[in-house]
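Please consult the sequence and the structure shown here while reading.

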Amino acid sequence: MSEFRVTPISTLHAEFSVPGDKSMSHRAAILGGLSNGICTIRNFLPSEDCVNTLNAMSALGARHEVLEELTGYGPIHLRIHGKSMKLSAPAAPIDCGNSGTGMRLLAGLLAGQPFASELFGDASLSSRPMGRITIPLGQMGANIETLGEKPGCAPLLIHPAKLTPITYEMPVASAQVKSAVLLAGMFSDGTTTIIQPAETRDHTERMLASFQVKTRHEGNSISIDGGQIPASCDFTVPGDISSAAFWLVAAAALPGSRLLLKDVGLNPTRTAILKVLSRMGAHMSEIVHHSEGEPIGNIEIQGAPLKGTTILESEVPNLIDEIPVIAVAAALAQGRTIIRNARELRVKETDRITTVVDNLRAMGAVVEEFEDGMEIEGGHPLHGAVIDSFGDHRIAMAFAIAGLFAEGETIIRNTDCVNTSYPGFAHHLDAILHERSQAADFTLPTISHA
Ligand code: S3P
């Protein structure tokens, strides 16, 4: 089992790109596989989560060719052969690994097929709630059994079914639930409508539009007509702002630093992290240089003494994945940071309220835990500690950033999990740690097959 050993840095001057967006890579694999022809996907995220979804689509008949891969990980440039919405029965149960997005979106896709399928995942995924998708999909006529030891949890056994459209008001603001219902709606006759309690990331809707599938939007409701066949297209995945967030916090909290992150996805349903760091005192500019489909641009940030902030309820769905690293920024800031209305954190890869609070305390931070969040009294000096990721990629990476500011050495245990979302994180961390002694190289090595 691998670990990170992190010591404090005194400078951060870097320019690089983070790997492709995880949410968009899942969706590109799925919609490419449903499309009516060949799709070329560039900057696909070769993480375990997204490679599992790509393999799931292969198991359903949509094969792909790898044109370029990130050495030691998986494809970053590939060609998917779409099946024009006619998937084939998988020969074996489908492994979704650690990925809630993969499992929930695939369940939506498979709910209305004329064949049976089974989705399973690792221990973390097998303890996450699946009722949030089996309930609406069941209302559409899907027949999904949850076979997990924990009630309502994976593995999911999906029986053949013919779906009827519904209008569904989601009880939680979840892009995964929205996407599962929209994908199921593509396989039903008529109009399926989903109403969100708050805005969630809109990558599914934007990517459907890139594949010429029409959706209608009215306030927070989205409708889709079944029977549309996605038109094949080429798609370039922007860098993942949730991966960028780790380095943005590192630079923001270090006065005198300057960081330029290139070609990052700047979809407004994901950029609340930038607003929060600006509010905390970081100097930042974002320049969108490509705005078709998904906005892409560069983010430049300069560090400054940070101050605490209150995360607004309306911001929570937009920055839910960034909260662990925002909590680290809060510990480094002067004053109080309040994070509430974030109960969803308890059902992520780990209970991220508990794992963040416990690990911050282990490093000397002053934190109060609430059922739906935490309050951090910033400005208490952090010290090195032995930190467990509990197998959660974002906990491992957030605490590697904390280690850059802690006295002595911080050891983060159980770090293989970072490969679920950020292959190459260790390389970038190393480059930042060694920047003071040599010119750091942030380029991740690739192998071309084209
Ligand atoms: C995701 C949606 C979010 C996020 C997850 C990716 C997606 O989950 O936490 O990492 O790609 O749709 P919820 O939709 O459950 O909030």
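This is a predicted model: local features need pLDDT of at least 70, side-chain atom pairs count only at pLDDT 80 or more; totals for chains, interfaces and linings use all residues.

## Domains and their interface

The domain assignment divides the protein chain into domain 1, formed by residues 3–19 + 239–437, and domain 2, formed by residues 22–217. The centres of the two domains, taken over C-alpha atoms, are 28 Å apart. Domain 1 contributes 24 residues to the contact and domain 2 contributes 25.

Together the domains bury about 2200 Å², and carbon and sulfur atoms account for 48% of this area. On the side of domain 1, Thr269, Glu349 and Thr420 provide 24% of the area buried against domain 2, more than any other three residues. Between the domains there are three salt bridges, and 13 residue pairs are in polar contact across the interface. The residues of domain 1 that touch domain 2 comprise seven nonpolar, nine polar and eight charged ones.

Helix α3 spans residues 100–110, and eleven of its eleven residues are buried. Among them are Arg104 as well as Met103, Leu105 and Leu106. The N-terminal end of α3 is capped by Ser99, whose side-chain oxygen lies 3.5 Å from the backbone nitrogen of Thr101.

Helix α6 covers residues 203–210 and contains His203. Is His203 buried or exposed? His203 counts as buried because its relative accessible area is 0%. Leaving aside residues up to four places away in sequence, His203 touches Asp21, Ser23, Met24, Arg27, Asn267, Arg270 and Glu294.

## Backbone features in loops

The peptide bond from Ala154 to Pro155 is cis, with omega near 5 degrees. Pro155 is placed in the loop between β8 (143–146) and β9 (156–159).

Ser84 has a positive phi, near 50 degrees, and is not a glycine. The loop that holds Ser84 runs between β5 (75–81) and β6 (94–95). Met85, found in the loop between β5 and β6, has a positive phi of about 70 degrees and is likewise not a glycine. Ser84 is partly exposed at a relative accessible area of 27%, whereas Met85 is buried at 11%.

## Further salt bridges

Side chains of opposite charge can pair when their charged atoms come close. The count for the model is 27 salt bridges. One of the pairs is Lys162 with Asp189, whose closest N and O atoms are 3.4 Å apart. Lys162 is exposed, with a relative accessible area of 61%, and Asp189 is exposed at 58%.

Asp202 and Arg206 meet in a salt bridge with an N to O distance of 3.0 Å. In this pair Asp202 is buried at 18% relative accessibility, while Arg206 is partly exposed at 23%. The side chains of Asp225 and Arg216 form a salt bridge at 3.2 Å, N to O. Asp225 is partly exposed at 28%, and Arg216 is partly exposed at 44%.

Notes
Residues are numbered from 1 along each chain as its sequence is written. Side-chain values use heavy atoms; hydrogens and water are left out. Domain bounds come from an automatic or database domain assignment. Contact means heavy atoms within 4.5 Å. Buried area is the accessible area (1.4 Å probe) that two parts lose on being put together, summed over both. A salt bridge is a side-chain nitrogen of Lys or Arg within 4 Å of a carboxyl oxygen of Asp or Glu. A polar contact is a pair of N or O atoms within 3.5 Å; within protein, one must be able to donate a hydrogen and the other to accept it, and residues adjacent in sequence count only if both atoms are side-chain atoms. Ala, Val, Leu, Ile, Met, Phe, Trp, Tyr, Cys and Pro count as nonpolar, Asp, Glu, Lys and Arg as charged, and the others, Gly among them, as polar. Buried means under 20% relative accessible area, exposed over 50%, partly exposed in between (1.4 Å probe, protein chains only). Helices (H or I, at least four residues) and strands (E, at least two) are DSSP runs, numbered from the N terminus.
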